[in-house]
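Could you load the model in your viewer and keep the selection panel handy?

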Amino acid sequence: MDGTSADFSHAPALRALAPELGRPDVSVALLMVELFDVSKFQARLGFAACARLLQALEEGITQALHPRGSVTRLGDGRFCVILQAIRNSGHAMLAAHKLMRVADGVMNDASLALKYKLNVGIALYPAQANDAESLLQSAQLAAAAARNREVPALVFDEACAAQIIKPWELAEAFARALDTGEISMFYQPKLSVSTEQTAGVEVLMRWLSNGKPVATPDVFIPLAEESGLIHAATWYAFSNALRLAGECGGLPVAVNITPGMLHHREFINMVRSAIATWGVREASLTLEVTEGGLIANFDEAKQRLKKLRDAGVRISIDDFGTGYSSLSYFKKIPADELKIDKSFIMNMMNDVDDQHLVRTILDLAGQFKLDTVAEGVEDRATFVALAEMGCQYVQGYLFAPALSAEKLQEWLVRNPYERRAQGSGVAVE
Ligand code: C2E
Ligand code: CA
Ligand code: CA
């Protein structure tokens with residue numbers, strides 16, 4: 001199912017719609033209700049219990065919407081709800097929320113201890129479709145868009161159709177975007193905790209069309225990795241990063257490296273030739289690799305990173321705390337820096353466990369003589385706590401988000417980089 005066509009499984013819904021749409025002056029809302037991970041429920045509860053749960057949900061919805069609604073159960077935990085005399089999207093949205101409350105009652109049975117997720121896509125007849133099939137398709141597009149945008153319910157609009165781009169189309173579009181300049185690099189300042197001065201920047205990729213994001217890096221980076229475009233994308237990141245380093249007096253730049261890129265046969269050559277092209281010192285470049293990228297093929301990763309580190313390039317372990325590093329293996333990683341994942345930092349003022357974890361990571365880094373960076377610092381209280389715990393560098397919205405090249409230049413005028421801010425805030429000259 002690609003979520004965009006009214007296929008065979010929709011036959012019951014089309015049958016249910018046909019008589020409704022035949023009448024004059026009719027106004028109908030179609031709600032496509034999608035319950036996610038039904039196969040997980042089946043695995044957990046067994047087929048029979050899962051079927052009973054879906055039956056209970058169907059009955060609950062039918063009762064709640066009576067007498068203006070009818071419900072047809074489709075496969076894969078989907079329901080097609082037809083509501084009569086709904087004149088505008090506001091009314092349809094109210095019905096969607098009522099339906100979600102019903103689902104909460106049925107699904108959040110404490111004895112099941114299951115987390116479920118539901119999305120509702122809404123389409124209106126005759127406002128948004130002129131026949132049963134297009135009404136059904138619009139509702140389904142809206143449900144898929146709701147899932148993408150992580151909202152519980154969404155009324156169909158043209159953006160829904162545009163958003164449901166198939167992965168291979170998105171990969172093709174990404175390849176074009178690399179050529180047309182829609183892909184650009186943004187730069188998030190990294191600051192020294194002791195001086196609150198710029199200590200470097202992390203290079204973060206953006207895909208913008210007419211200034212608006214087409215997709216976030218969390219979507220297009222894995223796609224680039226799967227489709228083999230990560231090589232071109234990483235070269236682009238290196239070029240921009242090292243040119244900037246050259247232009248800004250050796251400003252330290254950090255580039256993110258995916259697991260696939262780390263293991264690419266051209267990886268070491270790429271790093272070397274990027275450094276040679278822009279004529280910067282090796283120490284100006286930090287490679288951010290995740291624990292996951294290291295574990296994938298540890299011995300090879302270790303060897304490659306060691307080679308680059310021996311040449312002077314800095315290595316940072318990104319998203320630290322989210323992976324599975326055991327201490328024994330962690331000790332073997334040739335690294336200069338630990339970067340604590342923002343999920344711990346953003347929560348640490350409200351969650352003592354996260355705070356303990358951050359403290360433990362900082363102690364660990366100290367014992368291994370690694371620099372420490374906290375990402376996701378959004379408020380001063382967190383900054384002060386990190387400073388007290390001995391964290392050396394910070395990144396986060398408290399200081400700056402990722403900035404365009406132009407905005408970065410303005411930032412650097414106000415917060416110039418001085419080499420002495422590097423290396424635990426100790427002067428190196
Ligand atoms: P990451 O390497 O962990 O990057 C940090 C992410 O946290 C960035 O998201 C950044 O914009 C965001 N961030 C920074 N400070 C804060 C804060 O205070 N609060 C919050 N809520 N977020 C903050 P972004 O740019 O969306 O990147 C997401 C991920 O995509 C990155 O995670 C990285 O894994 C990947 N990525 C981005 N650009 C590149 C790239 O050029 N190459 C590769 N391989 N991966 C990239
Ligand atoms: Ca990173
Ligand atoms: Ca992170």
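A residue counts as buried when its relative accessible area is under 20%, exposed when over 50%, and partly exposed in between. With that in mind, E34 at 6% is buried. Please remember throughout that this is a predicted model.

**Stop 1: a bridge to E34.** Select R147 together with E34: their side chains form a salt bridge, with N and O 3.1 Å apart. The partners come from distant parts of the chain, with R147 in helix α5 (residues 132–149) and E34 in strand β1 (residues 28–35), 113 residues apart. While E34 is buried, R147 is partly exposed, at 33% relative accessibility.

**Stop 2: the calcium ion, ligand 2.** Now centre on this ion and show E202, N256, E288 and D318. These are its protein donors, through OE, OD1, OE and OD respectively, at 2.2 to 2.3 Å. Along the sequence the donors follow the spacing E-x53-N-x31-E-x29-D. E288 sits in strand β10 (residues 285–290) and D318 in strand β11 (residues 314–320), so this pair ties together parts 30 residues apart in sequence. Both are buried, E288 at 2% relative accessibility and D318 at 6%.

Stop 3: Which residue does K339 form a salt bridge with? The partner is E202, with the closest N and O atoms 2.8 Å apart. K339 belongs to strand β12 (residues 337–340) and E202 to strand β7 (residues 198–209), 137 residues apart. K339 is buried at 0% relative accessible area, and E202 is buried at 5%.

**Stop 4: a charged network.** Select K190, R314, E337 and D371, which salt bridges link into a network. Within it, D371 and R314 pair with their closest N and O atoms at 3.1 Å, and both of these residues are buried. D371 is in strand β13 (residues 371–374) and R314 in strand β11, 57 residues apart. The structure holds ten salt bridges.

**Stop 5: helix α8.** Finish with residues 217–226, and look down the axis. F220, L223 and A224 are buried; they fall within an arc of 100°, so they line one face of the helix. On the other side, D218 and E226 are exposed. Just after the helix, G228 has a positive phi of about 80°.

How values were computed:
Residues are numbered from 1 along each chain as its sequence is written. Chains are lettered from A and ligands numbered from 1 in the order in which they are written. This is a predicted model: local features need pLDDT of at least 70, side-chain atom pairs count only at pLDDT 80 or more; totals for chains, interfaces and linings use all residues. Side-chain values use heavy atoms; hydrogens and water are left out. Donors are N, O and S atoms within 2.8 Å of the metal (3.2 Å for Na, K and Ca); water is not among the atoms, so sites may look incomplete. Helices (H or I, at least four residues) and strands (E, at least two) are DSSP runs, numbered from the N terminus. Buried means under 20% relative accessible area, exposed over 50%, partly exposed in between (1.4 Å probe, protein chains only). The arc is that of the directions from the helix axis to the C-beta atoms. A salt bridge is a side-chain nitrogen of Lys or Arg within 4 Å of a carboxyl oxygen of Asp or Glu.
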